[in-house]
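Please load the model in your viewer and keep the selection panel open.

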Amino acid sequence: MPAGPYEIYLIRHGIAEERGDAWPDDAKRPLTSEGKSALKKIARGLARRGVGFDVILTSPFVRARQTAEAIAAELESRPPLVSVESLTPSGSFVGVLADLEKHAKKPRIALVGHEPSIGELAARLAGMRRPLEFKKGAICRIDLKTLPPAGPGALRWFAPPKLLRASGKA
């Protein structure tokens, strides 16, 4: 029996190394030290607002996985991380829904992915016509009544990284 209602948090990975000769395999590009530092502040900002997750589903790409790890480390809930192919740049909406359903007993689920797919996913879950534009480290919360969603969810908030970093400073 599904837990519902659900809080779905969509997170774009943090600032990563530039594409190029140093990183011929895009899947292996890591976060920069600046990106890691910013994510630590973002996660502290979430924690100060009482945000926690029961599980974090993440793209297996290095920068997304590192983002999930950085956020999980700062949250009191210490959520487990699960790598899912559906959150890679070539993943599908149907795949994301299937992965969400596997965790339907958990009411607070975070998804860490990439642009433009994370913005497109947010739009589809919230019933919007245009994708949301996620800066690196941006987070939104969409509430769903059921998994799979029977209709559009409610966009509860959308926070750019600058706002979250400011609220997470010591």
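Predicted model: local features only at pLDDT ≥ 70, side-chain atom pairs only at ≥ 80, totals over all residues.

Residues are numbered from 1 along each chain as its sequence is written, and side-chain values use heavy atoms, with hydrogens and water left out.

**The whole chain.** Along the principal axes, the C-alpha atoms occupy a box of roughly 45 × 35 × 30 Å. Switch to a surface coloured by accessibility: 47% of the 170 residues count as buried, meaning under 20% relative accessible area with a 1.4 Å probe and protein chains only.

**The largest pocket.** Next, select Arg12, His13, Arg19, Arg29 and Lys136, which are the closest to the centre of the largest pocket among its 14 lining residues. A pocket here is an open set of points on a 1 Å grid over the protein atoms alone, where a 1.4 Å probe fits and protein lies on both sides within 12 Å along at least five of seven lines; lining residues have an atom within 4 Å of a point. The lining divides into 3 nonpolar, 2 polar and 9 charged residues, with Asp, Glu, Lys and Arg counted as charged, Ala, Val, Leu, Ile, Met, Phe, Trp, Tyr, Cys and Pro as nonpolar, and the others, Gly among them, as polar.

**The second largest pocket.** Move to Gly91, Ser92, Phe93, Ser117 and Leu121, which lie nearest the centre of the second largest pocket. Helix H3 (93-102) and helix H4 (117-126) each give two or more residues to this lining, and H4 provides the largest share, 5 residues. The lining is made up of 5 nonpolar, 7 polar and 2 charged residues.

**Ser86.** Finally, select Ser86, in the loop between strand E3 (81-83) and H3. Is Ser86 buried or exposed? Ser86 counts as buried, because its relative accessibility is 11%. Beyond its neighbours within four places in sequence, Ser86 is in contact (heavy atoms within 4.5 Å) with Gly91, Ser92, Gly95, Val96 and Asp99. Show the side chains of Ser86 and Asp99 to see the polar contact of 2.5 Å that joins them; such a contact is a pair of N or O atoms within 3.5 Å, one able to donate a hydrogen and the other to accept it within protein, and residues adjacent in sequence count only if both atoms are side-chain atoms.

Note on methods
Helix = DSSP H or I, 4+ residues; strand = E, 2+ residues; numbered from the N terminus. Buried < 20%, exposed > 50% of the residue type's maximum accessible area, 1.4 Å probe, protein only.
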